[in-house]
Amino acid sequence: MNYHTRKWIKPEDLNPNHTLFGGRLLQWIDEEAALYAIVQLETPRCVTKYISEINFISSAKQGDIIEIGIEAIDFGNTSITLRCEVRNMMTRQTIITIDKIIFVGVNMEGKPTKHGKTKIEFIADRLKNQDEDQY
Ligand SMILES: CC(=O)SCCNC(=O)CCNC(=O)[C@H](O)C(C)(C)COP(=O)(O)OP(=O)(O)OC[C@H]1O[C@@H](n2cnc3c(N)ncnc32)[C@H](O)[C@@H]1OP(=O)(O)O
């Protein structure tokens with residue numbers, strides 16, 4: 001699991017109960033997962049197809065720092081399945097787990113397109129392969 005993104009909980013992120021608003025967290029997760037899918041599938045056109053059960057385990061309060069973790073668990077023909085875990089860096093508790101977030105790569109008409117990917121790729125390896133192809 002890669003924890004690429006950290007967020008600092010500010011007043012505008014809170015619910016009336018003064019804890020992190022769930023909708024805000026889901027917005028952050030959807031964007032982070034979309035970016036992950038875009039990088040892995042190497043296409044800027046990825047749409048969220050399916051999000052499995054969402055389990056809010058603990059919360060965060062103003063001033064806390066949280067980190068969003070995403071990993072790819074399956075590659076389909078046109079889809080990629082991700083898993084997500086968010087944790088509170090202050091309390092070290094897990095805030096949320098989502099077992100499946102499925103993105104589909106689409107063409108200009110919004111129709112699913114085959115991506116040809118089968119495993120997680122790292123940008124450094126892609127750059128290395130590009131360099132090797134050049135020389
Ligand atoms: C990042 C964002 O904010 S995106 C905004 C929110 N998302 C959207 O607006 C997407 C709206 N939905 C759509 O446009 C369409 O449903 C599409 C393009 C995603 C999929 O179209 P469909 O005709 O359902 O596609 P199709 O049946 O060919 O399935 C495509 C893939 O999705 C998977 N899929 C389809 N339905 C489901 C489902 N209910 N659950 C899980 N996976 C599914 C299929 O298994 C297939 O994956 P694979 O090719 O890897 O085997």
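Helices (H or I, at least four residues) and strands (E, at least two) are DSSP runs, numbered from the N terminus. By that definition the chain holds 2 helices and 6 strands. This is a predicted model, in which local features need pLDDT of at least 70 and side-chain atom pairs count only at pLDDT 80 or more, while totals for chains, interfaces and linings use all residues. Residues are numbered from 1 along each chain as its sequence is written, and side-chain values use heavy atoms, with hydrogens and water left out.

**Overall layout**
- Read from the N terminus, the order of elements is β-α-β-β-β-β-β-α.
- The chain has 135 residues, and 37% of them count as buried (under 20% relative accessible area, with a 1.4 Å probe and protein chains only; exposed is over 50%, and partly exposed lies in between).
- An unreviewed UniProt entry places the feature "domain: HotDog ACOT-type" at residues 1–111; such annotations may be inferred rather than shown by experiment.
- Residues 1–111 are 18% helix and 44% strand, with 30 Å between the end C-alpha atoms.

**Helix H1**
- H1 covers residues 22–41, which is 20 residues.
- From first to last C-alpha, H1 reaches 28 Å, close to the 28 Å expected at 1.5 Å a residue; the expected span is 1.5 Å times one less than the number of residues.
- Buried residues of H1 include Leu-25, Trp-28, Ile-29, Glu-32 and Tyr-36.
- An α-helix has 3.6 residues a turn, so residues three or four places apart point the same way.
- After H1 comes Glu-42, with a positive phi near 55°.

**Around the ligand**
- The ligand is surrounded by 14 residues (each with a heavy atom within 4 Å of it), and the closest are Thr-48, Lys-49, Asn-77, Thr-78 and Ser-79.
- A polar backbone atom of Thr-48 lies 2.9 Å from a nitrogen atom of the ligand.
- For Lys-49, a polar side-chain atom is 2.7 Å from an oxygen atom of the ligand.
- In the side chain of Ser-79, an N or O atom is 2.6 Å from an oxygen atom of the ligand.
- The ligand exposes 1000 Å² when taken alone, and the protein buries 49% of that; accessible areas come from the Shrake-Rupley method with a 1.4 Å probe.
- Strand E2 (46–51) and strand E6 (94–105) are the elements that give two or more residues to the shell.
- E2 supplies the largest share of the shell, 4 residues.
- The shell has 6 nonpolar residues (Ala, Val, Leu, Ile, Met, Phe, Trp, Tyr, Cys and Pro count as such), 2 charged ones (Asp, Glu, Lys and Arg) and 6 polar ones (the others, Gly among them).

Notes:
A polar contact is a pair of N or O atoms within 3.5 Å; within protein, one must be able to donate a hydrogen and the other to accept it, and residues adjacent in sequence count only if both atoms are side-chain atoms.
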